[in-house]
Amino acid sequence: MQKLVIIGAGMASGRTLEHILEFDPHAFDITIFNAEPRGNYNRIMLSPVLSGEKSYEEIVTHDDRWYAEHGVTTRFGEKVVGIDRDRKCVIGEHGEVDYDKLILATGSSSFIIPIPGHDLQGVVGYRDLEDTQAMIDCAATPGATAVVIGGGLLGLEAAAGLRMRGMEVTVLHIAGHLMERQLDETAGYLLQKDLEKRGIQVFTKANTREITGNGKVEKVLLDDGTELLTDIVVMAAGIRPAVHLGHDAGLDMGRAIKVDAGMRTSDPDIFAVGECIEFEGQLFGLVAPLYDQARVVAGTLFGEADAFTPRELSTKLKVTGCDLFSAGDFADGENREDIVFRDPKRGVYKRLIIEQDRLIGAVMYGDTADSNWFFGLIKDRTNIEELRETLIFGPAFQGGGAAAVDPLAAVAALHPEAEICGCNGVCKRDIVKAIDAGAHALDEVRATTKASASCGTCTGLVEQVLAVSLGDGFQVKAEKPVCKCTDLTHEDVRRLIKSQTLKSQPAVWQELAWKTPNGCHVCRPAINYYLLADWPLEYEDDLQSRFVNERNHANIQRDGTYSVMPRMWGGMTTPDELIAIANAATKYGAAVKVTGGQRIDLLGIQKEDLPEIWSDLNDAGMVSGHAYSKGLRTVKTCVGTDWCRFGTQDSTGLGIKLEKKLWGSWTPHKVKLAVSGCPRNCAEATCKDVGIVCVDSGYQIGVAGAAGMDVRSTERLVDVSTEEEVDEWVTAFIQLYRENAKYLDRPYKWVDKVGLDWVKAELADADRRLALVERFDISQSVYQKDPWADHVRHRAEHYKPLAELRLEATT
């Protein structure tokens, strides 16, 4: 029996052992060394151990019993000091072991930045259980603080775990945004914003100059003079392959130990796998290629020709609450095209990079549900020319339509070779085979295929494959609840508010068994909207449950100033209004911008000047344009029959009537209208939430368009003959949307969910249509008011004018 020695008991060598034992459990007399006093555990799951979500015992892959049952001799807690290639033996701290074949799996070590103070007590890396335990011990001290140097994947996992332990945490990152190797600037910004919301302080472009302390860490000094008090410093600034044994043994070296496609080093009896190798100039730090290497080296030992080929990799961040994904190449390039989707309110960002009709990169933040599908397109180099128009919407929108589909349909349509678990290289075929063999639960599939057994981010996808294969025999997780305060979905909440006649927020919290006393920043705006939409006469709008822009009745800008945009009915204005706008711009030092919605925006207004400028504009007869609201924004028009020789109807007059009817109404999301005087569509009515195109015979009403982050053409709702019918149908549609849509869903998303046929059926009934109009009018009797005028009036009644206060201050 040949003697096989393995140096290192990490994840790469652990998987190698499993493959060797699968080939022939009696082929080798195996001895394994490990400097740590333990065997193989899932290092990917150290983050949940740090945060307290898991124990060490839960992440052990191979315990002492496993090694004993498989006849593996363990030399744990013993460092290897050398390799004698001539005598073919490994020299350990406590003796030598001969080998016929040797596998180096020495992994990597944390890069400790060689700045003054790096050797103080309290400076740790983040690679193993000892590092993790040092952080846990420090976090146990009340009031302890931590500084994490490095804003990459590992550093952010450390920061999140320490924060969950109750520590005050600061992340220092030298680059301009977090995770710059995996994320572009926008996604990095969103990630930083998300982390800061959870109490983690982040400094980018932060260069650490020195760590100081009397024998132990006390303070971190930055180049810009910033001083940070701390009890522990976590160095997460990268890793370095642990290659000194290979170097000292005289093996061919590059940046790491060079291997061929069979994982052989320059010595035919010595192999290497994992983070300590270099293959064709490439280093490896993620688990998926390490597991591929493990399979290859086992095959090589048994004479099977299976060459290692690096594959396309993706990244999913495991920090709780941060959903992000990146894959491929997202650098700027001359022949590259970007498709970008942004939803700032929900913190969703998607960017696809296309080159020569192929998807070569993807970055997603906030919504990563379709990441595996996009990753498959990248990896398979699929030609996406025919998918181009709807690609950003994911697999559910392919095949010529954007209608709502079964959420499992995309999984059912996946090719059998589509990768499900990137860490372990498990494809859909492997999982289906396991299900057919009797694995009917997630744990059973995991045990059989190892899918979702490493980082766990593919768990949901594995469950969906189970659901597709077993049908009613497996229940996939339900739609996500509104937030962590409740297990109810938005649809549940809307239904229960109506059926249980809940007319206040306390009633909702109590009767629907909310898990928090008064909701949170996620659910309060939604519940506030549902209540005011359903009970306009009974419920009083809660200003504190609105977003900051709605509370301030103006849009905050990047420099902390605000923009003020008065309403211009149908895009029309007068000389007097323009004079008032010019005077206000001069008085308050505003920049003047003509918008795409046929209005004028005054930018750069100080917060304390808002009531004054509102008052000035009110005096000229103008009201708020609600450019900040979840409600009617603009009604864009062309000049129609008043001036245009092609005009078929009075589009301007109709637009003004609609705007004066609908302004001030609160809706689930912003609503934009347009009226074009003829099919030439100068007002761009066919890409609005509601668009009317005038024709000789009357009016064509379209709905569910979009022209912002998404581009969608309207769908025809109805053709009518008179302005009165337009008013009735448009008002009824808006009210139907108000009463049924999920908060923060634009009309096109809502129509996709319920189907245009359902909308048409509801509005085709004249009695239902008129009832909707009546309910809208009742709501408008409460909410159609100018917030600027209300605020100015309230201020005049309760506070002295600002000029008087300034005069008193000077005297």
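Trainee: What should I keep in mind about the model and its numbering?

Mentor: It is a predicted model, where local features need pLDDT of at least 70, side-chain atom pairs count only at pLDDT 80 or more, and totals for chains, interfaces and linings use all residues. Residues are numbered from 1 along each chain as its sequence is written, and side-chain values use heavy atoms, with hydrogens and water left out.

Trainee: How many helices and strands are there?

Mentor: The protein has 26 helices and 38 strands. Both are DSSP runs numbered from the N terminus: H or I over at least four residues for helices, E over at least two for strands. The C-alpha atoms fill a box of roughly 100 × 70 × 55 Å along the principal axes.

Trainee: What makes α22 roughly perpendicular to α23?

Mentor: The axes of α22 (residues 747-754) and α23 (residues 756-764) cross at roughly 95 degrees and come within 6 Å. Axes here are lines fitted to C-alpha atoms, for helices over the stretch in contact, with angles from 0 to 180 degrees between N-to-C directions. Angles under 35 degrees count as roughly parallel, over 145 as roughly antiparallel, 65 to 115 as roughly perpendicular and the rest as oblique. That is why α22 is called roughly perpendicular to α23.

Trainee: Which residues in α22 and α23 meet?

Mentor: W750, V751 and V754 in α22 meet L756, W758 and V759 in α23, where contact means heavy atoms within 4.5 Å. By class, that contact has 6 nonpolar, no polar and no charged residues. Nonpolar covers Ala, Val, Leu, Ile, Met, Phe, Trp, Tyr, Cys and Pro; charged covers Asp, Glu, Lys and Arg; the others, Gly among them, are polar. Just after α22, G755 takes a positive phi of about 90 degrees.

Trainee: Why is α22 called largely enclosed by the rest of the structure?

Mentor: Buried means under 20% relative accessible area, exposed over 50%, partly exposed in between, using a 1.4 Å probe and protein chains only. In α22, P747, Y748, K749, W750, V751 and D752 are buried. That is 6 of the 8 residues, so α22 is largely enclosed.

Trainee: How do you know that Y737 is buried?

Mentor: Y737 has 0% relative accessibility, so it counts as buried. Y737 lies in helix α21 (residues 723-740). Leaving aside neighbours within four places in sequence, Y737 is in contact with residues including P668, H669, R746 and W750. F733, Y737, W750 and W758 also form one aromatic cluster.

Trainee: What makes the pair of W373 and F374 edge-to-face?

Mentor: Rings of Phe, Tyr and Trp (its six-membered ring) pair if their centres lie within 6.5 Å; planes under 30 degrees apart count as stacked, over 60 as edge-to-face and the rest as tilted. A search of the whole structure finds 16 aromatic pairs. For W373 and F374 the centres are 5.0 Å apart and the planes at 70 degrees, so the pair is edge-to-face. Both W373 and F374 are buried.

Trainee: And why is the pair of W614 and W788 called stacked?

Mentor: Their ring centres are 5.9 Å apart and the planes sit at 10 degrees, so W614 and W788 are stacked. This pair links distant parts of the chain, 174 residues apart, with W614 in helix α19 (residues 610-619) and W788 in helix α25 (residues 787-798). W614 counts as buried at 2% relative accessibility, and W788 does at 1%.
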